Amino acid sequence: MNKVVLVTGANSGIGLALCERLLCQDTEGLQLCLACRNMHRGQAARSALLTSHPEAQVALLQMDTSSISSVISAAREVRLRYNQLDYLYLNAGIMPNPRFDVKAFFKGLFSSNVITMFATGEGILTQTDGVTADGLQEVFATNLFGHFLLIRELEPVLCHADQTSHVIWTSSSNAHRSAFNVEDIQHLRGIQPYSSSKYASDLLSLALNTRYNQQGLYSSVICPGFVMTSLTYSILPSFPAFLWTLLMPLFWLIRLFTNTFTLTPYNGAEALVCSTNKQQRRMPYMVLTEK
């Protein structure tokens with residue numbers, strides 16, 4: 001039987017690169033579903049994948065993880081389409097209105113923490129969050145709660161005692177414990193909602209294993225490393241394109257000192273695909289994460 005794989009945030013960046021890698025690995029034995037907020041971009045991504053893999057089975061699903069009604073509607077559609085969901089990649093995420101702390105950057109540049117600063121963004125990145133139509137903090141809803149709700153709504157196709165399904169979260173090296181407060185899970189009172197949401201997803205993955213392992217569902221978190229995507233470029237939107245080009249040799253140099261600088265979406269997606277292969281080959285299940 002064909003494996004059924006659903007990827008959220010599949011129209012660009014890590015998500016699209018992941019889909020490309022999955023199809024390169026197994027075109028004929030895979031039913032791939034691209035869950036995208038913007039259907040125009042989703043259709044463009046689907047067309048690009050089918051150009052490279054004409055025989056592939058690639059479907060589209062409209063879903064905005066920041067919207068409760070959108071997630072519930074999308075989950076209902078998935079249950080109608082498929083009897084079993086083998087892999088659910090929770091990749092959709094946002095980092096709205098990022099601000100780069102120049103003073104903290106230059107302070108860290110001449111400290112012993114410089115490699116960690118480059119690898120994780122610790123201490124130099126803050127964001128201004130918004131509020132969704134449902135009254136939730138936007139980053140919390142998009143990166144964490146929407147995905148949690150999706151899992152709960154997809155229990156009928158994820159949980160089978162005689163079959164194994166896997167949930168794989170795209171985590172981040174920017175997931176810092178210091179940014180997360182269990183008494184402020186939406187990060188209403190903080191300035192690092194992205195870091196908080198990613199650390200919360202790491203914790204949630206552990207809780208999901210406790211709840212669902214006996215029902216055949218296993219969860220893991222995977223960090224793709226520092227990747228140059230639209231999210232990364234938005235950190236310094238005023239930088240001209242040529243300046244990013246000039247910075248790339250520095251980033252490649254940093255790769256000599258830390259393996260978290262994967263730089264390209266295709267490289268970053270490798271860890272997600274490798275985790276899938278490991279899950280197929282061995283049990284008991286291992287929770288893979290990187291801090």
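**View 1. Cysteines of the predicted model.** Cys159 is buried at 16% relative accessibility, where buried denotes under 20% relative accessible area, exposed over 50%, and partly exposed the range in between (1.4 Å probe, protein chains only). Cys33 is likewise buried, with a relative accessible area of 0%. The closest cysteine sulfur to that of Cys33 belongs to Cys36 and lies 8.5 Å away, too far for a bond. The structure contains zero disulfides, a disulfide being a pair of cysteine sulfur atoms within 2.5 Å. This is a predicted model, in which local features need pLDDT of at least 70 and side-chain atom pairs count only at pLDDT 80 or more, whereas totals for chains, interfaces and linings use all residues. Residues are numbered from 1 along each chain as its sequence is written, and side-chain values use heavy atoms, with hydrogens and water left out.

**View 2. Packing of helices α1 and α2.** Helix α1 (residues 13-25) packs against helix α2 (residues 39-52) at an angle of about 25°, and their axes are 11 Å apart. The arrangement is therefore roughly parallel, the class for angles under 35 degrees; over 145 counts as roughly antiparallel, 65 to 115 as roughly perpendicular and the rest as oblique. Axes are lines fitted to C-alpha atoms, for helices over the stretch in contact, with angles from 0 to 180 degrees between N-to-C directions. Leu16, Cys19, Glu20 and Leu23 of α1 meet Ala45, Leu49 and Ser52 of α2; contact means heavy atoms within 4.5 Å. Helices (H or I, at least four residues) and strands (E, at least two) are DSSP runs, numbered from the N terminus.

**View 3. Surroundings of Ala92.** Ala92 occupies the loop between β4 (87-90) and β5 (98-100). This residue is buried, with a relative accessible area of 13%. Beyond its neighbours within four places in sequence, Ala92 contacts Thr8, Gly9, Thr65, Thr142, Asn143 and His147. Arg37 is 55 residues from Ala92 in sequence, with a C-alpha to C-alpha separation of 9.2 Å.

**View 4. Backbone at His187.** His187 is situated in the loop between β7 (165-170) and α8 (193-212). Its phi is near 65°, a positive value in a residue other than glycine. Most residues other than glycine have a negative phi. His187 is buried at a relative accessible area of 10%.

**View 5. Confidence along the chain.** The chain averages a pLDDT of 84, and 76% of the residues score at least 70; pLDDT is the predictor's confidence in each residue, from 0 to 100. Over residues 281-291 pLDDT stays under 50, and the model has 26 contacts beyond four places in sequence for this segment. Where pLDDT is low, the predicted coordinates should not be read in detail.
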